[in-house]
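Hi,

Here is the structure I promised to pass on.

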Amino acid sequence: MNNVTKIETHDLSLFYGQKQALKKISVAIPAFRVTALIGPSGCGKSTFLRTLNRMNDLIDNVRTEGTVLIDDVNIYQNGIDKVELRKKVGMIFQKSNPFPKSIYDNVAYGPRINGIHDKKILDEIVEQSLRRAALWEEIKDDLRKSGLALSGGQQQRLCIARALAVNPEVLLMDEPASALDPLATSKVEELIYELKEKYTIVIVTHNMQQAARVSDYTAFFYIGELVEYGETKQIFTTPGKKQTEDYITGRFG
Amino acid sequence: MRKKILGYVFILSTALSAFLVLAAIVVIIGKITAGGWDKLSLEFLTAAPKEGMTAGGIFPAIIGTVLLVSIMSLAGVPIGTITAIYLSEYADQGSILTKMIRFAVNTLAGVPAIVFGLFGLGFFIHFVGGGMDKIFSGNSELRWSQPNLLWASLTMALLTLPVVIVSVEEALRSIPVDYREASLALGATKFQTIVHVVLPNAYPGILTGAILAVGRGAGEVAPILFTGVAYYLPHLPSSLSDQFMQLGYHLYVMATQSSDVEATIGIQYATAFVLLAVTFLLNFSAIFIRYRIRARLR
């Protein structure tokens, strides 16, 4: 791993009340690469993803221990501005969730709440974000149409465009293609591949082929523990642990 | 065999009870419509009562009712909405304070209307109004320490507050968590999320709450008895410190206080018809809006 590290966790544990959902996770995620988090349902991979932009803070009774460093700053230390953090670390959700607003207003939402109201600048951001999300050509004449009128795959790319519009450095994706048909899925995967040039991407997926196709690094989680982490090629061809091999080859999970 | 008969008896009695409810509403509406139909006219809606309320119309009572519920809404809906936002978005659901507020809201909903009237008299008129008169005119002129439109409206706002709070809170809770998370994940603050995402999507629910409150307020008489309604006024209220006439109270006055009650019967029916029409219309529009929101959220 000779890359620059973007995100680094040390002994990261997370508790829902009494129940421990993450057990001392230590991992270094490289910049401008795609890192896939895999593992059976309930293994903590989504929970881990949500610790990286502190979305878990929204849930009552959640306690976090350990550190998460992003660009060498511990995002769990006192005085961290969660709003600033979430601008820098964008998130794409499993279920595409465009606002019931127009396509334009969806993408412009982030810039607007950050105080950008100049029509020309907004137009530019909207177009650029939609282009980066590979959606511009399909909808450039329908910017005033409701975001909810788009197809499932388009909605998810709209959500990606909306996240890109606030100029994040990291993109967290929580099973972004799990609700999409194969064609829409391959479009999103292509997009992920292109986006890693400019962004650090962490993606949770249930789909082994997807992890193998899009990611450079893979982390395998099992019951709250990080079992194995390494280059995707190595994890999928010569996994170091039996559990990993069993999961990847479909013997459980 | 006995079991079977018991079953039939039970079915019959449930059907009979249901029929009774239906019959009651049909009789009420039918009798009122039949009794008042002849008197209903444009003149009835736009003229003042004449000849000891045995002739003329109910215009001042309609205007008084409209003013009452409008000022009531201006005061009650914002406070109710803000309370609902606090309860649903900010309050720690397990805390004692939140439980106390919820308990207060529920208790408020169960307080008899006449008690609100007495509270309005004691608090708004004597305490607030009396204080205002002391400060503004040194008690040389009794202006605010008398029953008037403002105090009646505020008393009514208090009465309808639980209706607003409950329906707005329901509307806020119906906004999917996905929208909130999407907004927060984009670096929006909680306040921005509420203002730009939650409230715009909840406004039909807020509207429903307001309409239900108005429907309730339009039909209540007890809270305004001591706080502002007048028996008869030759002119319309021109300021917040004026008294006013109101449909429900007007009905009561005609039925009990008129010098010639017999002669007012037709007008009474017609007044009841207008009162019913207004409250039904408001309730139906609230139901309709709610139905539309639910259909949209699905």
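**Helix packing in chain B**

The crossing of α4(B) and α6(B) is left-handed, a label used when the near helix is turned anticlockwise from the far one by less than a right angle, with right-handed for clockwise. Before going on, keep in mind that this is a predicted model: local features need pLDDT of at least 70, side-chain atom pairs count only at pLDDT 80 or more, and totals for chains, interfaces and linings use all residues. Residues are numbered from 1 along each chain as its sequence is written, while chains are lettered from A and ligands numbered from 1 in the order in which they are written.

Helices (H or I, at least four residues) and strands (E, at least two) are DSSP runs, numbered from the N terminus. In chain B, α4 covers residues 96-110 and α6 covers 149-173; their axes come within 8 Å and cross at roughly 130°. That makes α4(B) oblique to α6(B). Angles under 35 degrees count as roughly parallel, over 145 as roughly antiparallel, 65 to 115 as roughly perpendicular, and the rest as oblique. The axes are lines fitted to C-alpha atoms, for helices over the stretch in contact, and angles run from 0 to 180 degrees between N-to-C directions.

Which residues of α4(B) meet α6(B)? They are Val105(B), Leu108(B) and Ala109(B), which meet Leu161(B), Pro162(B) and Ile165(B); being in contact takes C-beta atoms, placed from the backbone, within 7 Å.

As for α4(B) itself, its 15 residues at 1.5 Å each should span 21 Å, and the end C-alpha atoms are 21 Å apart, which agrees. The expected span is 1.5 Å times one less than the number of residues. The number buried among those 15 residues is 0, so α4(B) lies largely in the open. To count as buried, a residue needs 20 or more other C-beta atoms (placed from the backbone) within 10 Å of its own; 12 or fewer make it exposed, and in between it is partly exposed.

With α8(B) (residues 190-219) it packs at about 150°, the axes being 8 Å apart. The two are therefore roughly antiparallel, and their crossing is right-handed. Among the residues that meet there are Met156(B), Val163(B) and Val164(B) from α6(B), and Ala202(B), Gly205(B) and Ile206(B) from α8(B). That contact divides into 12 nonpolar, 6 polar and 2 charged residues.

α3(B) (residues 59-90) packs against α6(B) at about 40°, with the axes 6 Å apart. This crossing is right-handed, and its contact residues are 21 nonpolar, 7 polar and 3 charged.

**Chain B as a whole**

Chain B has 11 helices and 2 strands, in the order α-α-β-β-α-α-α-α-α-α-α-α-α along the sequence. Its C-alpha atoms fill a box of roughly 80 × 70 × 35 Å along the principal axes. Of its 298 residues, 40% are buried. Among contacts between residues at least 6 apart in sequence, 77% join residues at least 24 apart.

Is Ser239(B) buried or exposed? Ser239(B) is exposed, with 9 other C-beta atoms within 10 Å. You will find it in the loop between α9 (222-225) and α10 (247-256) of chain B. Its C-alpha atom is separated by 43 Å from that of Ser95(B), 144 residues away along the chain.

**Where the chains touch, and two spots in chain A**

Two backbone angles in chain A are worth a look. Arg54(A) is not a glycine, yet its phi is positive, near 55°. Arg54(A) sits in the loop between α1 (45-51) and β4 (62-70) and is partly exposed, with 19 other C-beta atoms within 10 Å. Ile223(A), also not a glycine, has a positive phi near 40°. Ile223(A) belongs to the loop between β9 (217-222) and β10 (225-231), and its 14 C-beta neighbours inside 10 Å make it partly exposed.

Cheers

Conventions: Two residues are in contact if their C-beta atoms, placed from the backbone, lie within 7 Å. Ala, Val, Leu, Ile, Met, Phe, Trp, Tyr, Cys and Pro count as nonpolar, Asp, Glu, Lys and Arg as charged, and the others, Gly among them, as polar.
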